Amino acid sequence: MNVALQSSGAYIETDWQRHLYAHFDAFLPCTRSVADIVNCCFGHDSNRRLESWFKSLSIGEQTRRKEFTKQFQAERKNFDNHLLTKVRNVTVHRAGHPPIEVAFTGFWGVRYESNPTVRLSMNEVKPPDGSNMGWLNQSMPLRPKWEDFQIGGKNLFSACNEYIQDAKDLVNKARNIASIVHGLNPLSNPPA
């Protein structure tokens, strides 16, 4: 999160909400695409645009690629069952935004709740009670902490770290399968 700048008692806040949700929206399909990229590079991608390229390969390479996809399928299915893969599917294909929730208590004890479609105010002010508390009467930046963000009942940032680690594990498992299936045989690069 960006830090607010203070000048003459006024807070100038960058739009952390827009940045966070936009970056998370990009993170989901990019991480999910790891499985597709691996399968396209080492296996048989059934995308019809690649079918003529696939048929142009030697019979041996076609057979090996199909075998890779067959062995990779179980690992891919595990990755597809990850919470954030499911969140990605809902975000990209149905809702248009991720189901992130943020809930926290501000400086003055007021409870704040938000999500990508309900924005938080950038500042909070002391609720009026008739007291004069000097500088405390000025507005203060309203910023949640990283642990205040949830997705699917899990901490958002922990879920992201887990998803990245699962993608790395998927790549390592794919390397092992490719080593067994393709051995030292050359592989053709799929068309760009």
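Select Ala 35: is this residue buried or exposed? Ala 35 is buried, with a relative accessible area of 0%. Here buried means under 20% relative accessible area, exposed means over 50%, and partly exposed is in between, with a 1.4 Å probe and protein chains only.

Before moving on, some ground rules. This is a predicted model, in which local features need pLDDT of at least 70 and side-chain atom pairs count only at pLDDT 80 or more, while totals for chains, interfaces and linings use all residues. Residues are numbered from 1 along each chain as its sequence is written, and side-chain values use heavy atoms, with hydrogens and water left out.

**Around Ala 35**

Ala 35 sits in helix H1. Helices (H or I, at least four residues) and strands (E, at least two) are DSSP runs, numbered from the N terminus. Now show the contacts, meaning heavy atoms within 4.5 Å. Leaving out residues up to four places away in sequence, Ala 35 touches Phe 72, Arg 76, Phe 79 and Leu 170.

**Helix H3**

Next, select residues 59-80, which form helix H3. H3 has 22 residues and reaches 30 Å from its first C-alpha to its last. That is close to the 32 Å expected at 1.5 Å a residue, where the expected span is 1.5 Å times one less than the number of residues. Centre on Gln 73 for a kink of about 45 degrees. The bend at a residue is the angle between axes fitted to the seven residues ending there and the seven starting there.

Colour the buried residues of H3, among them Arg 64, Phe 68, Thr 69, Phe 72, Arg 76 and Phe 79. The buried residues of H3 pack against helices H1 (16-42), H2 (51-55), H4 (83-95) and H5 (156-182).

Pick Thr 69. Its relative accessible area is 15%, so Thr 69 counts as buried. Beyond its neighbours within four places in sequence, Thr 69 contacts Asn 39, Gly 43 and His 44.

Step to Phe 68. With residues up to four places away set aside, Phe 68 touches residues including Val 38, Phe 42, Ala 174, Ile 177 and Val 181.

**The nonpolar core**

A nonpolar core is a set of buried Ala, Val, Leu, Ile, Met, Phe, Trp, Tyr and Cys residues joined through side-chain atoms within 4.5 Å. The largest one has 31 residues, and Phe 24, Phe 68, Leu 84, Phe 149 and Ile 151 touch the most other members. H1, H3, H4, S3, S7 and H5 each supply at least two residues of this core. H5 gives the most, with 10 residues.

**Strand S3**

Select residues 100-105, strand S3. Ile 100, Val 102 and Phe 104 point to one face and are buried.

Two strands pair if DSSP finds at least two bridges between them. S3 pairs antiparallel with S7 (residues 149-151) over 3 bridges, and Ile 100 stands opposite Ile 151. S3 also pairs antiparallel with S4 (residues 111-114), over 4 bridges. There, Ala 103 stands opposite Glu 113. The hairpin of S3 and S4 has 5 residues between the strands, and Gly 109 takes a positive phi near 85 degrees.

**Cysteines**

Last stop: select Cys 30, exposed at 54% relative accessible area. Then select Cys 160, buried at 11%. How many disulfides are there? The count is 0, taking a disulfide as a pair of cysteine sulfur atoms within 2.5 Å.
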